[in-house]
Amino acid sequence: MSGTPSELPIVVLDALMPKAQRLVANRRGSMVWEVDSHRGWYAVKVGYPIEATADWPAQPWTALAPAREGAVLCRLGLDDCAYGEWDLGTWNFQPWHEGPDLYELWSPCRDADSRLEPHPSAALSCVEALAELHGRGWAHGDVQPAHFIIGPDRTHLIDLALARGGQVPEGYDFPFRGCLVHYEAPEIARSVLATGEAHPTQEADVYALGASLLISATGRRAVEYPDDAPRREQRRAVATGKRRPVKLHGELGELIDAMLSPVPEDRPTVYEVGRSLS
């Protein structure tokens, strides 16, 4: 996108007065910064609209996502966060969580010659993080391996911009149009294909968690389609409910198989998954 921002907005600089800052990501309408401030260590998210290109439709909602996530975090009672607007969109800051994500943590298990098995304790910690959100009456809507940060004391579930479960300011809200297709439940995919929108559910979160555990442990997606397939073709493959067999031995494999049921009502709840793992 022309005019893609490359600096923190002035309003954020004024609020945090960083001692050091590092741009972690800048893609598809979202910047993420790691900021060391006199107030603490923060993740700063800055949104801006995506302009239409030959390969990508316009996505003005990306400008609103940081403020929407900030509002969700505040609704959930997180004190050390803030959100607001800047020239091109919105921003939030929240505590930085140090540690590998789930996919990175289990990378040794995916080596061709490895005999390492994914440790159930890491899976349980991810389940507990999602269960905490579900217990508050929310659905995450965008569960994926990169959103579980395995810290030294606990696992943090991040990126709540698409979460549903309570009121957020109308000016920052936008419809849910699906998530990363690798982790999208069949019923979500069907709704997005039919109407362009869907409603995140806790059952769909369980499917996404199962798909996240599977790809992190084995490197294999739950549903087979060409890596370079267009998004709509990927979503059609997911919508059929047909998927690869779960080739992961033991109780974790059996749980993932149940979590990936094409029928939402047949999936275990996140609490049932937690009881099995513990």
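R154 is partly exposed, at 41% relative accessibility (partly exposed lies between buried, under 20% relative accessible area, and exposed, over 50%, with a 1.4 Å probe and protein chains only). R154 forms a salt bridge with E132, the closest N and O atoms being 3.2 Å apart (a salt bridge is a side-chain nitrogen of Lys or Arg within 4 Å of a carboxyl oxygen of Asp or Glu). The model is predicted: local features need pLDDT of at least 70 and side-chain atom pairs count only at pLDDT 80 or more, while totals for chains, interfaces and linings use all residues. Residues are numbered from 1 along each chain as its sequence is written, and side-chain values use heavy atoms, with hydrogens and water left out.

**Salt bridges**

- The search of the whole structure finds 10 salt bridges.
- D173 pairs with R68, and the closest N and O atoms are 2.8 Å apart. Because D173 lies in the loop between β7 (155-157) and α5 (186-195) and R68 in helix α2 (residues 65-75), this pair ties together parts that are 105 residues apart in sequence (helices, H or I of at least four residues, and strands, E of at least two, are DSSP runs numbered from the N terminus).
- R68 is buried, at 2% relative accessibility, whereas D173 is partly exposed, at 35%.
- R221 forms a salt bridge with D227, with 2.9 Å between the closest N and O atoms. R221 is buried, with a relative accessible area of 13%, and D227 is exposed, with 69%.
- A network of salt bridges links K45, E69 and D159.

**Nonpolar cores**

- The largest nonpolar core has 61 residues, and W106, L209 and L213 have the most contacts inside it (such a core is a set of buried Ala, Val, Leu, Ile, Met, Phe, Trp, Tyr and Cys residues joined through side-chain atoms within 4.5 Å).
- Elements that each supply at least two residues of this core include α2, α4, β6, α7 (231-239), α8 (250-259) and α9 (270-277). Helix α6 gives the most to this core, with 10 residues.
- Apart from its neighbours within four places in sequence, L213 is in contact with L102, W106, A123, L252, I256 and M259 (contact means heavy atoms within 4.5 Å).
- V12, L16, V35 and V44 are among the residues of a second, separate core of 13 residues.
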